[in-house]
Amino acid sequence: MDLNFTVNGETWALDVAPADVLLDVLREKAAVKSPKIGCERGDCGSCTIIMDGRTVRSCLVLAVEADGHEITTVEGLSFDGLSRLQGLFLSNNSFQCGFCAPGIVLAATELLERKPNPSRHDVQEALAGNLCRCTGYEPIIEAVLAAGAGGDQ
Amino acid sequence: MTATYPFEAESPTGDLATVGTPAVRVDGVEKISGAAQFVDDIDFGPGLLYAAIVESPHAYARIVSIDTAEAEQASGVVRIATGKDFPYKFGMYMEDRYIFAQDYVRFVGEQVAGVIARSHREAVRAAKLIKVEYDLLTPLLDPRSAVAEGADLIHPDLAAYTHVPWFFPEADTNIAHWRRIRKGDTEQAFADADLVLEDTYEVPRYAHCAIEPHVTVSRLDPAGRLTVWTASQSPHTQRHLFAQALAPLGFTHKDVRVITPYVGGGFGGKAGVSMEILGAAMATLVKGRPVKLRWTREQEFYNTYQRQGVVAELKVGVMNDGTITAVEHKLYWDAGAYVEYGANVVNAAGLSATGPYRVPNITNDSLCVYTNLPPGGPYRGFGYSEFHFGLESHMDRIAEAIGMDPVKFRKKNAIVEGDELAYGAHMNPSGLHEAIDKTAAAIGWGIEERSDNPNTVIGKGIALFWKAPAMPPNASSASFLKFNEDGSVNIAVSGMELGQGYLTVMAQIASEVLSVPVDKIRVETPDTDRNPYEWQTVASHVTWSSGLAVEKAALEARSKIFDVIHQVYGFEDDSLYLEDEAVRCKTDPSFSKPLRDFVIDGIQTDDGTWRGGPIVASGKFMPEFTNANSDPATGQGGHPNVHYTVGATGVVLEIDKATGRIWVRKAALAVDAGRAINPDLVKGQITGGLVQGLATVLFEDMRFDEGGRMMNPTFTDYKIPTAFDIPDEIIPIIVEVPQPDGPFGARGVGEHTMIAAAPVIANAVYHALGVRITSMPITQEKVAMSYLATTMSEGNQEE
């Protein structure tokens, strides 16, 4: 089946099977490796991508469902240098192994676009679908709060 | 030319420039920009093949036959492997495991056959077509029944297995190793004690749950070189075990190459060798083609090392003044079907099961018991998390029984430098008392807090921890260091960056010695062909051990630099020092020679010839004061542990009396890092380890059915913490009492931060509700039911 979509601003025309999962197609055919394979059932969030402005778990989306859509991964966020949020993640030692980082960066990016000055509860809620086993979340939450417009809640 | 040691700061102020500062982690940008490469992210081209494994559905059975005929004809199948292809044993500390099952399967999930196919989907489909006939046997799922008289033997040939000299298997039993400690006269001490408290504590199995599943890609090239890309904490140990196990196929160590890019979380689960050997072996059947094997999340739960369960029978004697006089700790470990790694967890726990206390009379028995559950193995804490649950619960109970404040009681008995350890060696310097005081202060110990909500109560708890690295006595680290034309530095080591910040810490240590800034030092993940030896990244030992190796390489490079300056300018070596990437001279303040001017090309002399050349150096560290030889009957005589890291954990929690729901309002953890090379990274370990530990006590729990099958191998059913499931406030406290032989005084802290999390909750629950729970996890349901039972029995008494 034909799949035409945009990944980080680049258009792709691919031939995929009906059962192909978007996560696998992105990783194997569309040259982005930041969405990770962690559980393949939507529990861990490490395959998070942004599709048309909203985060989705790419392991739960069929590739053909992405036809005509616009996808952003963390590679796309970093073309012109790190975002302010990424800079805060860096200075705050927010990540350790880094495997969950691409998904969490996107989940937090979406939150800040939707709600520029989130509360601690907002941040926890936005990240609750992205599992991190290393950090205990606290340094991640603190960085997102700091990235909020006021950062003073 | 010898490197001076220890290194002393040589700047005019004597201050350290980099060590002790929160340098931004060197792998940070890669990780937040999507650039960091994990094994599964490497492209192997169209020749890549995929493997799928046929696993035993039975916990204990004899294999009658394996029929691969139909699978061989399935689309895409290239090759099928069974035990017949690889009748080879392997094992880390004890060779009790085969690559593929031979005649018996001993746990649900044990690998019986493997399919190599051209796509992942075809491999999985063909694996389902392999028919295995089994003759079922009755599994042993509980360690106490497995040690009972007349129990079936899971490994009848145990006595013939090869193992390290510090293991003591009991022939014709299911006890693979029995670590005994006998010190003083425990019986007499119990008879003389004012109070003896005895109880049994139960700890179930737990899963590491690194978010990256195990994955490995292996390729045997046509010239006979086997390369394995693997998500591993242990590249050199893997190479060693692959080379050993596959030696009958003609491999030597130089033919085997292990490459380990970033690892997406380890926690012990990616130490040693588990599924990786399947990929390595199968690749030998399809020469020239890379073969990828990736575990599913389900396999990640039931078919990698699990943290072993334990039943702990604990008896402690104490005098009315609070002096602990005797400890008897009997630990029955549910070690699983193969104990090649897990038996050393049992050993480590047995050596140290008194906890961080001065105890004159000790009887420790730590029994490694085979069961028909998945193989046990290393998990952050390495046995200490498990026995601390009972031990630190017990300490609170004893304090209460003799009417003493639990903090005061602990301080009275807390071990100090020079105290004799259970096996006769002596305790290293430590800041345990400081850690206790600071933790107690942070949670407002002794200050009663009342909830505004009539349905909830507030409780506080405190618990201590200690842990020594558990390693072979001669576990070593090595490093290579080279300068580049611009004065930047590359360091090759073989410790793994698991997220703890190892690469950054190594860069900081070299930076301190060489005066080269951290951002001009590149330290990368290992390749066993290029990087020098490291035993493994486990045991919280790499900051210490690999750090010493890097420090020594940097000192050697510095000596070589000074030697060049001496040859050309005549300054004595001891008048020279490094500052801001230049060589300076104490006797000639006007002298300054930038490193970039000569560390590759050397220095031209007056006659036009050149001196020096590329500055390269190496360093190694092996502890030379340890030995694992001891009397099997008493455990006395050796020096098995290098040193202990200690600390304390405290919590304030709020409990809903009706539902048992627990909110951790505040958690404080003080750990003695010796010297925090990078305080931010130490704080990261405190926060992360504490949350991981709290999860084991509050909700995580591996469940097995009566057939030995894990019932909850998904994140849906085995809950790990989300961003909501963390304390409202975490207070990290760094104590720094230097380790005399550590790099700048540092010792490891990675595992320690989760060790006391379970008992501290048990103690705080008791403080809040008067309910003592002696089995983990302390779930909401368990708290509510236990509290209900107390209130009902109190009600009955009143009637």
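Contact here means heavy atoms within 4.5 Å, and on that basis 52 residues of chain B are in contact with 47 residues of chain A. This is a predicted model, in which local features need pLDDT of at least 70 and side-chain atom pairs count only at pLDDT 80 or more, while totals for chains, interfaces and linings use all residues. Residues are numbered from 1 along each chain as its sequence is written, chains are lettered from A and ligands numbered from 1 in the order in which they are written, and side-chain values use heavy atoms, with hydrogens and water left out.

The buried area, that is, the accessible area (1.4 Å probe) that two parts lose on being put together, summed over both, is about 4,000 Å² between chain B and chain A, with carbon and sulfur atoms giving 59% of it. On the side of chain B, I32(B), I211(B) and F724(B) lose the most area to chain A, and together they make up 19% of what that side buries.

The interface also has charged pairs: the rule for a salt bridge (a side-chain nitrogen of Lys or Arg within 4 Å of a carboxyl oxygen of Asp or Glu) finds six across the interface of chain B and chain A. R121(B) and D20(A) meet through their side chains in a salt bridge, at 3.1 Å from N to O.

Turning to the interior, a nonpolar core is a set of buried Ala, Val, Leu, Ile, Met, Phe, Trp, Tyr and Cys residues joined through side-chain atoms within 4.5 Å. The largest one has 265 residues, and F89(A), I99(B), F483(B), L514(B), V583(B) and I761(B) are those with the most contacts inside it. Helix α14 of chain B (residues 542-569) gives the most to this core, with 12 residues. Leaving aside neighbours within four places in sequence, F483(B) is in contact with residues including L514(B), A557(B) and I561(B).

Finally, K33(A) lies in the loop between α1 (22-29) and β3 (48-51) of chain A. K33(A) counts as buried because its relative accessible area is 15%, where buried means under 20%, exposed over 50% and partly exposed in between (1.4 Å probe, protein chains only). The side chain of K33(A) reaches the backbone oxygen of R27(A) at 3.0 Å. Leaving aside its neighbours within four places in sequence, K33(A) is in contact with R27(A) and E75(A), and also with D41(B) and D43(B).

Technical notes: Helix = DSSP H or I, 4+ residues; strand = E, 2+ residues; numbered from the N terminus. Polar contact = N/O pair within 3.5 Å; in protein donor to acceptor, adjacent residues only side chain to side chain.
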